Amino acid sequence: MYRHACTPGPTILKGKCYVIDGDTISINSVPIRLAGIDAPELDHPYGNNAKWAMVAITKGQIITARIAPEMSYDRTVAICCLPDGRDIAAELVKQGLALDWPLFSKGLYKEYEPEGVRRKLWMTTKRQPPPANR
C-alpha cells in the first residue's frame with residue numbers, strides 16, 4: 001500500500017482544491033505540483049482525461065498536501081492525499097493517466113503503472129530524462 005507517503009510531515013496545507021491539470025492543483029490559491037509523477041499537458045493526448053480524472057478523485061474532498069522542499073516552475077511540490085489516506089498521485093498512475101517520474105519519486109509509483117502506459121503517454125515520456133539504470 002502507498003499510504004506511507006501520506007503520513008504527516010513538517011509542513012502541511014489542507015483544504016479543498018481547484019484542479020489545474022493532471023498533476024497540478026491549487027489549495028488556498030497555492031499552486032501545487034504533485035510530487036513524483038508526470039501527467040500529460042492539457043494540449044497533449046490524454047491531457048484532458050488526466051485533468052478530469054483528477055477532478056473526479058478530488059471533488060468535494062479536503063486534500064492534505066505534505067510540502068516537499070523543492071519547487072517546480074514556481075509551484076510548490078507536495079505529496080497530496082485524500083481524507084482516507086490514499087495518495088492522489090498513486091491513484092492517477094493506477095488509472096494510466098500519469099507516469100512515475102523516478103528522478104523525483106525514486107520509483108515510488110512505478111509498481112502502479114499499468115502495462116503499456118509509457119507507450120500510451122509517449123509525449124509525457126519524452127519530457128522525462130531516461131533513468132540512469134535503464
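The following legends describe close-up views of a predicted model.

Residues are numbered from 1 along each chain as its sequence is written, and side-chain values use heavy atoms, with hydrogens and water left out. In this predicted model, local features need pLDDT of at least 70 and side-chain atom pairs count only at pLDDT 80 or more, whereas totals for chains, interfaces and linings use all residues.

**View 1. Confidence along the protein chain.** The chain has an average pLDDT (the predictor's confidence in each residue, from 0 to 100) of 85, and 80% of the residues score at least 70. Helix H2 (residues 88–94) has the highest confidence, at 97, and helix H5 (residues 122–127) the lowest, at a mean of 63. Helices (H or I, at least four residues) and strands (E, at least two) are DSSP runs, numbered from the N terminus. Where pLDDT is low, the predicted coordinates should not be read in detail.

**View 2. Asp38 in strand E5.** Strand E5 comprises residues 37–38. Asp38 counts as buried because its relative accessibility is 2%; buried means under 20% relative accessible area, exposed over 50%, and partly exposed in between (1.4 Å probe, protein chains only). The C-alpha atoms of Asp38 and Asp100 are 6.6 Å apart in space, although the two residues are 62 residues apart in sequence.

**View 3. Asn28 in the loop between strands E3 and E4.** This loop joins E3 (24–27) and E4 (30–34). Asn28 is not a glycine, yet its phi is positive, at about 50 degrees. With 53% relative accessibility, Asn28 counts as exposed.

**View 4. Tyr46 in the loop between E5 and helix H1.** Helix H1 spans 47–58. Tyr46, a residue other than glycine, has a positive phi near 75 degrees. Tyr46 counts as partly exposed, at 34% relative accessibility.
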